[in-house]
Amino acid sequence: KVIQEDSQSDFDVGELVKIVGLVKSNEVFSDGVEIVEAALEDVEAKKIEEFLSRECKAFDFKLYAEDDVLLKLVEPTKNAALVVKKALMRCTPLIIRFHNDPDGVSSGLLFKKAVLDFVAEKNVFYQEKWVVGKQADSAIFEEKNAEGDVETAGNYCRKPLLCLFDHGANVESEHALKTISMAGMGIVIVD
């Protein structure tokens, strides 16, 4: 049994490795780890992308009301869902920020539940502590919050995906969003 937080790696970050063994729930029973040869790396990367595309398909959903504005949001919503699903399948941590009003709080809480349901359904080696929720007191994503999120990102071996709900979709948030982007983190905004 390998406990990820307690293990050390002799592999470089970004190096493609193959784990031989069994993954069950949040436990890994490994017979060994080996570096994938450079010649096979492209083939393996292609297989990974094919797997992600197959497992992270967009799903159709019914709109509560069909008006022109909502219909225009269908494709961007599906695209955002695909970004998040692929991040979860890659065991990417999430930072969820949401405005502390009713629609922001409900969005953030429902999103976290959906994330945990998805990883359970797909049997992804993903820990609940990799999902960090942060309540915001305004719709503006401020620089101090971005700096805090970049600092939080340092706690993980993989850069988190920042998910903003009812928060950050305004011109006043641009500088803070650039800070996140410059730190190499992905961003999904739903507002």
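Is Thr-92 buried or exposed? In this predicted model, Thr-92 is buried, because its relative accessible area is 8% and a residue counts as buried when that value is under 20%. Thr-92 is found in the loop that runs between helix 2 and strand 3, the latter spanning 94-99.

Leaving aside residues up to four places away in sequence, Thr-92 touches Ala-87, Tyr-126, Arg-158, Lys-159, Pro-160 and Leu-161.

## Two residues with positive phi

Cys-91 also has its place in the loop between helix 2 and strand 3, and its phi is positive, at about 60 degrees, although Cys-91 is not a glycine. With a relative accessible area of 24%, Cys-91 is partly exposed, whereas Thr-92 is buried.

A positive phi is found for Asn-123 as well, where the value is near 55 degrees, again in a residue other than glycine. Asn-123 lies in the loop between helix 3, which covers 102-121, and strand 4, which covers 131-136; with a relative accessible area of 43%, Asn-123 is partly exposed.

Which residues make the nonpolar surface patch of about 250 Å²? The patch is made by Val-69, Leu-70 and Leu-73. Of these residues, Leu-70 has its place in helix 2, which comprises residues 68-89, and Leu-70 is described as partly exposed because its relative accessible area is 30%, a value that falls in the range between buried, under 20%, and exposed, over 50%.

Notes:
Residues numbered from 1 in each chain as written. Predicted model: local features only at pLDDT ≥ 70, side-chain atom pairs only at ≥ 80, totals over all residues. Heavy atoms only, no water. Patch = residues over 30% accessible without salt bridge, like charges linked within 9 Å, V, L, I, M, F, W, Y side chains within 5 Å. Areas by Shrake-Rupley, 256 points an atom, 1.4 Å probe, with all protein chains shown as cover. Salt bridge = Lys/Arg side-chain N within 4 Å of Asp/Glu carboxyl O. Helix = DSSP H or I, 4+ residues; strand = E, 2+ residues; numbered from the N terminus. Buried < 20%, exposed > 50% of the residue type's maximum accessible area, 1.4 Å probe, protein only. Contact = heavy atoms within 4.5 Å.
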